[in-house]
Amino acid sequence: MLHASHRGLSGRCVAVGVGVINLLGIERMKAQHPKRLSPEARRAQILKAASDLLAESGLNNFSLEAVARKAGVAATLPRYYFGATDELLRAATQDIVEEVERVLLAPEPDMPIRDRFARYLATLKEAPWGHDVWMRASDLHTDLENIVQTARQHMVEGMYGKAWNELDPLERYEGCGRIGYIEAVVAHWIEHGMKDTAMVVDILTRSSRSLSKPKL
């Protein structure tokens, strides 16, 4: 027969063991059912996965299903939050275009022209797909074309310090021509492995200064 103290000790051991088992069970449930994200956080998670996927493989094989796998979420969630592949691509492109505008249209005293081009190329090194979408926007989706055309207009406005509707036809043509030159140089740089970045920054800086009065 067990002594009373032994029975008490045994009971306490059993209680501790049960507690440990319960704790392990709770932790296992947490692992299986992670904390639910807010709709905003979930949308941001999916959008980041889309950007990461585009950075890895460009537009090839870009789909809602591929983004879901990249994000580690149910296959239905990207469609729930973005509706279609085109809409998810538009949202990702909008982010990169806004970043490019912030860099290239920074006020001169805050960021010299050379530093702006250096940051512009650094942005594209992280997301080279952004330039691909930029150049092919008219073939991909009307919304993407509108985003890019609006960004181009903003850059021309920055060159001349005027709103688009205040520019005369010559200024519009000249401004779009300068943007086209920058796009062509950057496309060549990307096609050749994004090497010689410092040289490309110098080329863009010299061309911007020699092409005129632009503030870009």
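**View 1. The loop between helix 9 and helix 10, where Met194 is found.** Met194 lies in this loop, helices being DSSP runs of H or I with at least four residues, numbered from the N terminus. The phi of Met194 is near 55°, a positive value in a residue other than glycine. Asp196 is placed in the loop between helix 9 and helix 10 as well, and Asp196 has a positive phi of about 55° although it is not a glycine. With a relative accessibility of 53%, Asp196 counts as exposed, a term for values over 50%, whereas buried means under 20% and partly exposed lies in between, with a 1.4 Å probe and protein chains only. This is a predicted model, in which local features need pLDDT of at least 70 and side-chain atom pairs count only at pLDDT 80 or more, while totals for chains, interfaces and linings use all residues. Residues are numbered from 1 along each chain as its sequence is written, and side-chain values use heavy atoms, with hydrogens and water left out.

**View 2. The largest nonpolar core, with 52 residues.** Such a core is a set of buried Ala, Val, Leu, Ile, Met, Phe, Trp, Tyr and Cys residues joined through side-chain atoms within 4.5 Å. Leu88 and Tyr120 have the most contacts inside this core. Among the elements that give two or more residues to this core are helix 2 (39–57), helix 5 (85–104) and helix 9 (169–191), and helix 5 gives the most, with nine residues. Leaving aside residues up to four places away in sequence, Tyr120 touches Val100, Val103, Leu104, His131, Ile182 and Val186, where contact means heavy atoms within 4.5 Å.

**View 3. The packing of helix 2 and helix 3.** These two helices pack at an angle of about 105°, with their axes 8 Å apart; axes are lines fitted to C-alpha atoms, for helices over the stretch in contact, and angles run from 0 to 180 degrees between N-to-C directions. Helix 2 and helix 3 are therefore roughly perpendicular to each other, a description used for angles of 65 to 115 degrees. In this contact, residues of helix 2 including Ile46, Ala49 and Leu53 meet Ala66, Val67, Lys70 and Ala71 in helix 3.

**View 4. Helix 7 and its buried residues.** Helix 7 has twelve residues, but its end C-alpha atoms are only 13 Å apart, short of the 16 Å that a straight helix would reach at 1.5 Å a residue, the expected span being 1.5 Å times one less than the number of residues. Its buried residues are Trp129, Gly130, His131, Val133, Trp134 and Ala137, and they pack against helix 2, helix 5, helix 6, helix 8 and helix 9.

Terms used. Angles under 35 degrees count as roughly parallel, over 145 as roughly antiparallel, 65 to 115 as roughly perpendicular and the rest as oblique.
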